Amino acid sequence: MDKEFEYYAILGVTSQATLEEIQSAFAALRAKIPQEKRDKANNPAYARLVNAYEVLSNPTRRATYDSLLAETKSLESINLVVTTSRSRIKISDAEQVVYLLLDILPPEQDAKQLPLNLSLVLDKSTSMQGGRLSHVKTAVELIVNKLTPADTLSIISFSDRAEVVVPSGKVENPLAIVGQLRGVQASGGTEIYQGLQAGVQELRKADLTRHTNYLILLTDGHTYGDAAQCLELAHRMVGQNIGMSAFGLGTEWNDQFLDDLVAPSGGQSNFVEQPHEIVQHLQKRIHGLGTIYAQNIGLKLNLHRKVSIKYGFKLAPFSQPLIIDEETVYLGNLEGHAPVSVLLELKIGPNPVETRLNLNLEVVADMPGPQLRAQTFKHTQQLYVLAELGQEMPPEKIVEAVRVMNMYRMNEKVWQEVEAGRLDVATTRMQHLSTRLLEAGEADLAQQAQQEIEQISRAGTMSLAGRKKLKYGTRALIDKTQLGNNKQ
Amino acid sequence: MIKCTECGSSQEEGSLFCGECGGFLLVEAGKITAVLPFSEFANRPPPPPLNQDALAPAQAVQKVTLVVPSSRRRFKLDVQDEVQIGRASSELVPEVDLTDDDGAEKGVSRLHAKIQAVQSGLVLIDQDSTNGTLLNNYRLPPHEPYPLKSGDEIRFGDLLVHIFLTDTRTD
C-alpha cells in the first residue's frame, strides 16, 4: 500500500485506537508543527497528517477505509516466487542465456468459490459422425452431472452455422440437458467462428463478473476461411473475462491455429487422439475451474534493455507454449490448488563490465471479492554481472523443466526444417530427439520419432498423426516432472 | 560459448541443454550430476563397450575389493587373469560366490559375470545372466567388456555390490 494512505501509521496509532486516542495523537503531532508551516497547500507532510485525521476521525469514512484496508491485506497474499538458473553471470562480449522460473502461488486463505459459467462449443461437421460424436455426447453428459445447480451452462453445436443446443441457464435439470444433446446429428462443414460467437453470446447472458467464465471448443477439422475472425474474437474474450481452451480430435485440424486461439487468454490446446479420450481431457480441464484464486492473470515484463525473452513456456497447471510478442502475456486463471508456473528463456546481451541487471516482473490479476478487482503484484529479480564467479548449480527443477522444454522445441524445429525442405537436417534432428525420448523412458514417443524419420525419407514430410503425437506428447512430458500438475 | 560434448555444436553460455542434439551441457563440466527426472537409468543405452584392442592381457596383478552392503561381506581379490562371479553349483564354484549373500533370492545367476584384468585396468563382462548386470545403473549387454573404476556400483540381478580398486602400480 502507498505510504500516502497509511493513515494509522501517519498518526502513530493502532487500527484499534479509539476516537479519543486518534484526537490526542493528532493534537500532539500537530503541536510539533510551527504555526507558519500549518499550510496544506505547501507542506505535504502537514497535508498528509490532516488528511489522515479527517478520515479516521469520521466514523463513516473510517469504516470504509478499514474495509478497503482489510481487502488489500487479504489480496496481498498471492506469492510470486522467482528462481533463476543462475543469479550471477560472467562479464562477456557474447550473448548468454539465463532461465527464469516464475511460480504464482495461491494465497493461503481459502479460494473464492465462483460458480462456473461454461459454454461447450462442439463441432458437429460430417467428419464427427459415428464414434466421435457419441463419445463427445458421453463426455458432456459426465460433465453436466459434475456441475452444480449454481453453475450456468450452455451448449453450442456448429458446422457451417451454429445452433444453440442448450441455451444459457442454471444446471437445474441435468437429465433435460442430456436429452437435448442426444438430438444433435453430424452434418456440414467446419466454421469455428460461428460456434465461438454463439458460445460467447450465451456466456454473456450471465453476469461475467460473478462467474468463472469459460469456453471449451472441441473440433476435428480445419476451420473454413474464418481463422482471422476467430483470433480477433479470442482477443476480445480476454477483455470480457472469458477463458478458452480448445481440443482437437483426430489428425485433420490445424494445431497452430488452436495454439494461437487459446494464447490470448492463456488457455490450453490439446490433442485428443482417440475419441474415447475426450472424457478424460474434458474432465481434467474442468477440474478446479470453479475454485478460483485469481482470474485472467497477466504477466508484464519490464526487463533491463540488455535482456530479452527468447522463449516462454507455461509449465502448470497445464503445459502450453506462450506467445511472447505482446506487452502482457496472459496465463489464464489461478485455479484449484495448483500454482501457475512459467519458464522463460532469457537472452542476455553482451556485458563487458560488471553491472547489475534488474528484471522487473509484474503480475496483474482479477481477484474475486465482493467484486472483481484488478490487482498488481510486483517482483524484481536481480542478475549480477561479475568478473569472477564461484560455482553455481542450477536448481534441479529448472534443469528438469528446461530438459522437457528442449525436447518440445527440438520437435518443433524438425517440423520447421521439413517445411523449409531441409530433410537431411530434419532427419538428423529427429534421430537426436528419438534418442532423448528413449533416455527419458518414453519408448512410445521414441518409436513414433523413428517412424517419422522413415516417413520423411519416403514421403518428404511427417505424418499428420505423428506430428501431433510428438508435438503434444513432448509438451505433456512436463506433467511427469515435479513441476507438472498430474498429482492432484 | 560452450561446446556440446555429444555433438560438438556451439551453444550460448548458460544453456543447459544442447539445442541441436538435446545433450545435457553441464555433465562433462562436472558442475552438476545429471539427474534424470522421470526415467530409470536402466532404460538408457549404455555407453559403448571397450574395443577389443584395449583388452590386451594385463602385466600386473590388480587388487580389488568387492563390498556387498546387504550382507556386509567383503571379497578381497587379486585379479591376475579373470575372476568369475556367481553362485556355487556342482559344476563350478566361482571365485566370488554370492550364495551366502542371498544370491539366489536376489536373482544372481550361477555364472553371472566376470571381472577381467586387461592392460588398461579392469573390465566387467556380463555372462548372459538371467537378470542382467547393471554398472552404475546402466544395463550391460551380455559378453561386452565395460571398464571399472574404483567406487563403481554394480548390480548382479538385485544384489548391489561396490567395487574398490587398489592401485598396485607405482607411477
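In this predicted model, strands β5 (residues 116–123) and β8 (residues 212–219) of chain A run parallel and are joined by seven bridges. Within that pairing, Val121(A) stands opposite Leu217(A) of β8(A). Chain B has zero helices and 13 strands, and chain B touches chain A through 18 of its residues.

**The sheet of chain A**

- Strand β9 (residues 242–249) pairs with β10(A) in the parallel sense, over four bridges.
- Leu249(A) has Val272(A) of β10(A) as its bridge partner.
- Strand β10 (residues 269–272) of chain A is covered on both faces. Ser269(A) and Phe271(A) lie on one side, Asn270(A) and Val272(A) on the other, and all are buried.
- In general, the side chains of a regular strand alternate between the two faces of the sheet.

**Helix α5 of chain A and its two partners**

- Two packed helices are described by the angle between their axes and the distance between the axes.
- Helix α5 (residues 131–146) of chain A packs against helix α10 (residues 278–286) of chain A at an angle of about 30°, and their axes are 9 Å apart. Angles under 35 degrees count as roughly parallel, so α5(A) is roughly parallel to α10(A).
- The crossing of α5(A) with α10(A) is right-handed.
- On the α5(A) side, the contact with α10(A) is made by His135(A), Val136(A), Thr138(A), Ala139(A), Leu142(A), Ile143(A) and Lys146(A). On the α10(A) side, Ile278(A), Val279(A), Leu282(A), Gln283(A) and Ile286(A) take part.
- The residues of this contact divide into eight nonpolar, three polar and one charged.
- α5(A) also packs with helix α6 (residues 174–182) of chain A, at an angle of about 165° and with the axes 10 Å apart. Angles over 145 degrees count as roughly antiparallel, so α5(A) is roughly antiparallel to α6(A).
- α5(A) passes α6(A) in a right-handed crossing.
- Lys137(A), Val140(A), Glu141(A), Val144(A) and Asn145(A) of α5(A) meet Pro174(A), Ile177(A), Val178(A), Leu181(A) and Arg182(A) of α6(A).
- Six nonpolar, one polar and three charged residues make up the contact of α5(A) with α6(A).

**Chain B**

- Of the 171 residues of chain B, 30% count as buried.
- Among contacts in chain B with a separation of 6 or more, 44% come from residues 24 or more positions apart.
- An open sheet of six strands in chain B has the order β4-β3-β13-β12-β9-β10, with antiparallel pairing.
- At the edges of this sheet stand β4 (73–79) and β10 (138–139) of chain B, each with a single partner strand, so one side of each has no neighbour in the sheet.
- Four bridges pair strand β12 (residues 153–156) of chain B with strand β13 (residues 159–166) of chain B in the antiparallel sense.
- Arg155(B) stands opposite Leu160(B) of β13(B).

**Contact between the chains**

- Chain B contributes 18 residues to the contact and chain A contributes 30 residues.
- On the side of chain B that touches chain A, the residues divide into eight nonpolar, five polar and five charged.

Key. Residues are numbered from 1 along each chain as its sequence is written. Chains are lettered from A and ligands numbered from 1 in the order in which they are written. This is a predicted model: local features need pLDDT of at least 70, side-chain atom pairs count only at pLDDT 80 or more; totals for chains, interfaces and linings use all residues. Two residues are in contact if their C-beta atoms, placed from the backbone, lie within 7 Å. Ala, Val, Leu, Ile, Met, Phe, Trp, Tyr, Cys and Pro count as nonpolar, Asp, Glu, Lys and Arg as charged, and the others, Gly among them, as polar. Axes are lines fitted to C-alpha atoms, for helices over the stretch in contact, and angles run from 0 to 180 degrees between N-to-C directions. Helices (H or I, at least four residues) and strands (E, at least two) are DSSP runs, numbered from the N terminus. Angles under 35 degrees count as roughly parallel, over 145 as roughly antiparallel, 65 to 115 as roughly perpendicular and the rest as oblique. A crossing is left-handed if the near helix is turned anticlockwise from the far one by less than a right angle, and right-handed if clockwise. Two strands pair if DSSP finds at least two bridges between them. A residue is buried if 20 or more other C-beta atoms lie within 10 Å of its own, exposed if 12 or fewer, and partly exposed in between; C-beta atoms are placed from the backbone.
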